[in-house]
Amino acid sequence: MATDFKSIPIIDVAPLLAKCDDPKMVQDPAVREVVKQLDQACREAGFFYAKGHGIPETMVKEVRNITHKFFDLPYEEKLKIKMTPAAGYRGYQRIGENITKGVPDMHEAIDCYKELKQGMYGALGKPMEGCNQWPHYPPNFKELMEEYISLCTEVSRKIMRGIALALGGSPDEFEGERGGDAFWVMRLIGYPGASTANGKCTSENDIGCGAHTDYGLLTLVNQDENITALQVRNQAGEWISAPPNPGTFVCNIGDMLKILSNGLYESTLHRVINKSQTYRVCVAFFYEPNYDAAVEPLEVCVRKRGGTRKFEKAVYGEHLVSKVQTNFVT
């Protein structure tokens, strides 16, 4: 929400991904150009399309297709992996069970998190302890998703190295104690087609997902083609569409990067309204700091603000739990 942007930029991240673990990456002109574009996108919109990410398009599509197949199952079948607090908030949510700012969202979902072993983070980790609940049908669901998560984790790590350079830091600012053991979240989301009453579409009353910001560092959104439903709010309060762009992920930054950047980068409000009468699937992967990371403004970003710290320290796991426990109702 930094500017009155009217569209979301497209960035070819391939040069960055190719060189991101090269000690001399910062000297590469193509890498420097990607870094410049990332900086502009994060300052002006908090959103960008990433092309050249290297994850095969066949896999990107299969992840959506198999998610469609799950949501096509009878309700009783889906309930076999029902989400509960006892399951570490992992599993299936029925339509209206997810809450955004007190209002039920018109979507169903499977929520997955990096698995936490019992006692791993003491009281901080207890609410999120558990194993992901994967459906037995469609076949190979678990295997496909775990491979996809692994690829998304690596792409996100590499893009974050570019964002670290964009902020004026070293490439590994978001590794080590901050993100060397990065937590992740994945939501497989299904949005019913717009309802009709008296021949009129009432989609404005059927908010697929209410206006919100994401919690962590970076989000990769894999959305169905040919349905425009994601909207991003600019500084003027206008909702700018983020239509599907084949071969790309929609990327956006989250609350923890807003803190780390000392407010130089904004976690932008966005929402989903499916005005199409076609059922829509979106697979959102969220790359986060270490679960127990103490997140505070980077010194390089404090200096850019004339020595002013715009944010207090936040513990990522506390932030996540506070959100999860208020976003779910039985």
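Here is a chat about the sheet and the helices of this predicted model.

Visitor: Let's start with the sheet. How many strands, and in what order?
Guide: It's an open sheet of eight strands, in the order S1-S2-S14-S11-S16-S7-S6-S3, and the pairing is mixed.

Visitor: Which strands stand at the edges?
Guide: Those are S1 (10-12) and S3 (91-93). Each has a single partner strand, so one side of each is left without a neighbour in the sheet.

Visitor: And by how many degrees are neighbouring strands turned against each other?
Guide: On average by 25 degrees, ignoring direction.

Visitor: What packs on the sheet?
Guide: Helix H3, residues 57-71, does. H3 touches S3, S6 (108-113), S7, S11 (218-223), S14 (248-253) and S16, and its direction makes about 115 degrees with that of S16. There's also helix H6, residues 141-166, which lies across S2 (47-51), S6, S7, S11, S14 and S16. H6 runs at about 55 degrees to S16.

Visitor: Is S7 buried or exposed?
Guide: Buried: 10 of the 10 residues in S7 are, so the strand is largely enclosed by the rest of the structure.

Visitor: Which S7 residues point which way?
Guide: Ala-182, Trp-184, Met-186, Leu-188 and Gly-190 point one way, while Phe-183, Val-185, Arg-187, Ile-189 and Tyr-191 point the other.

Visitor: OK, helices. How do H3 and H6 cross?
Guide: Their axes come within 11 Å and cross at roughly 140 degrees. H3 and H6 are therefore oblique to each other, and the crossing is left-handed.

Visitor: Which residues make that contact?
Guide: From H3 you have Met-59, Glu-62, Val-63, Ile-66, Thr-67 and Phe-70. H6 brings Phe-141, Leu-144, Met-145, Glu-147, Tyr-148 and Leu-151. By class, the contact of H3 with H6 comes to nine nonpolar, one polar and two charged residues.

Visitor: And H2 against H6, at what angle do they cross?
Guide: Roughly 80 degrees, with the axes of H2 (residues 29-44) and H6 coming within 8 Å. That's why H2 and H6 count as roughly perpendicular to each other.

Visitor: Which residues meet there?
Guide: Val-35, Leu-38, Asp-39 and Cys-42 in H2 meet Ile-159, Gly-162, Ile-163, Leu-165 and Ala-166 in H6. The contact of H2 with H6 has seven nonpolar residues, one polar and one charged.

Visitor: Last one: which residues of H10 are buried?
Guide: In H10 (residues 316-324), the buried ones are Tyr-316, Gly-317, His-319, Leu-320, Val-321 and Val-324.

Visitor: What covers them?
Guide: The cover over the buried residues of H10 includes S6, H5 (122-125), S7, H8 (255-260), S16 and S18 (314-315).

Note on methods: Residues are numbered from 1 along each chain as its sequence is written. This is a predicted model: local features need pLDDT of at least 70, side-chain atom pairs count only at pLDDT 80 or more; totals for chains, interfaces and linings use all residues. Side-chain values use heavy atoms; hydrogens and water are left out. Two strands pair if DSSP finds at least two bridges between them. Helices (H or I, at least four residues) and strands (E, at least two) are DSSP runs, numbered from the N terminus. Axes are lines fitted to C-alpha atoms, for helices over the stretch in contact, and angles run from 0 to 180 degrees between N-to-C directions. Contact means heavy atoms within 4.5 Å. Angles under 35 degrees count as roughly parallel, over 145 as roughly antiparallel, 65 to 115 as roughly perpendicular and the rest as oblique. A crossing is left-handed if the near helix is turned anticlockwise from the far one by less than a right angle, and right-handed if clockwise. Ala, Val, Leu, Ile, Met, Phe, Trp, Tyr, Cys and Pro count as nonpolar, Asp, Glu, Lys and Arg as charged, and the others, Gly among them, as polar. Buried means under 20% relative accessible area, exposed over 50%, partly exposed in between (1.4 Å probe, protein chains only).
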